[in-house]
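Morning, everyone. Please bring up the sequence and the model on your screens.

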Amino acid sequence: MTDRPKQPDPDPAPRRRMTAEEGIALWSDLMHTCEQFLLAGLRRKIGADGDLDAAYRDWYARRMEEHDQMMVRMLHELDRRSHEHGA
Amino acid sequence: MARDVVLETLRHAWETLQPLNASMAVMGGIALAAWEHVRATHDVDLLIGLERAHGARIVQHMEAAGFKTKRYPPVMQLGRLDLVQFLYNPPDTLLDIQVDLLLGESEYQRAALSRRVATRLPGLDVELFVLSCEDLILYKLLAGRILDVADCAALLVANRGALDWSYLARWSQSLGLTRELSDVWKRAFPGDRPPPQTP
């Protein structure tokens, strides 16, 4: 118990960097966990008799519409700024 | 399930596009994970070094491999930049996973592709490339939502000691993103001076 740090070290020792492969593996685990919580949340929302697959598809479609708006905005910005700044 | 479906979709898209012999790189949420910022994402975004004239060939290639175009006409022209969106339904899954292809026609996009970094997918025997951390930061600054700004800050914090600041400074200036980069720096490291190369 006494060997536990009392507070975060403001100047921690250099850490080993995660490799890209390790990062993606971690993402993969996170995705699995998040999906379990997402499905639980959707089930709570639609009730025990609701169509979970349909709710999942609907959720995904809405997420992708938001994503599409972001992509369009990002590319508009890149085009505009490349034009204005000669990049 | 989602992890396997997204990775399988990425693998299939990557292998489908490889015969076109163009530079490609994964961007978006999966690529963030390669730079120690891990968050959930449910689609595949790829930057591909092909010009507008190749749009029809890309669509033909992808459709032959089972991808459906999301829109008609399939190639969205946003100024001088193009975006092609596909949906793919991996076997035995209930979702169509979205795949976005950005055609890399601008000088900046070509620079970003030239700095892509090789990696491997866990459990899948395929080598692919992700955008560099600096380029992910620049794309996120362009996207500009609060979520993207948070992604930028997280990438800065996780990669502070390894970033190529002169590259970031050069392209943030070229793209008119110096103020945005400076603002994110201040949020990521309150009270710290930015590196000398940054604006």
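**Where A meets B**

Start with the contact: chain A puts in 37 residues, and chain B puts in 41 residues. Keep in mind that this is a predicted model.

Which elements of chain A give two or more residues to the side that touches chain B? They are α1, residues 20-46, and α2, residues 52-85. The largest share of that side is from α2(A), with 21 residues.

Now the classes. On the side of chain A that touches chain B, 19 residues are nonpolar. Another seven are polar, and 11 are charged.

**Strand β6 of chain B**

Next, move to chain B and find strand β6, residues 97-103. Are its residues buried or exposed? Seven of the seven are buried, so the strand is largely enclosed by the rest of the structure.

Look at the side chains. B:Ile97, B:Val99, B:Leu101 and B:Leu103 point one way from β6(B). B:Gln98, B:Asp100 and B:Leu102 point the other way. Both sets are buried, and that includes B:Asp100.

Now its partners. Strand β2 of chain B, residues 44-48, runs parallel to β6(B), and five bridges join them. For a landmark, find B:Val44: it sits opposite B:Val99 of β6(B).

Then there is strand β5 of chain B, residues 81-88. How does β5 pair with β6(B), parallel or antiparallel? The pairing is antiparallel, over seven bridges. Here the landmark is B:Asp82, which stands opposite B:Leu103 in β6(B).

Technical notes
Residues are numbered from 1 along each chain as its sequence is written. Chains are lettered from A and ligands numbered from 1 in the order in which they are written. This is a predicted model: local features need pLDDT of at least 70, side-chain atom pairs count only at pLDDT 80 or more; totals for chains, interfaces and linings use all residues. Two residues are in contact if their C-beta atoms, placed from the backbone, lie within 7 Å. Helices (H or I, at least four residues) and strands (E, at least two) are DSSP runs, numbered from the N terminus. Ala, Val, Leu, Ile, Met, Phe, Trp, Tyr, Cys and Pro count as nonpolar, Asp, Glu, Lys and Arg as charged, and the others, Gly among them, as polar. A residue is buried if 20 or more other C-beta atoms lie within 10 Å of its own, exposed if 12 or fewer, and partly exposed in between; C-beta atoms are placed from the backbone. Two strands pair if DSSP finds at least two bridges between them.
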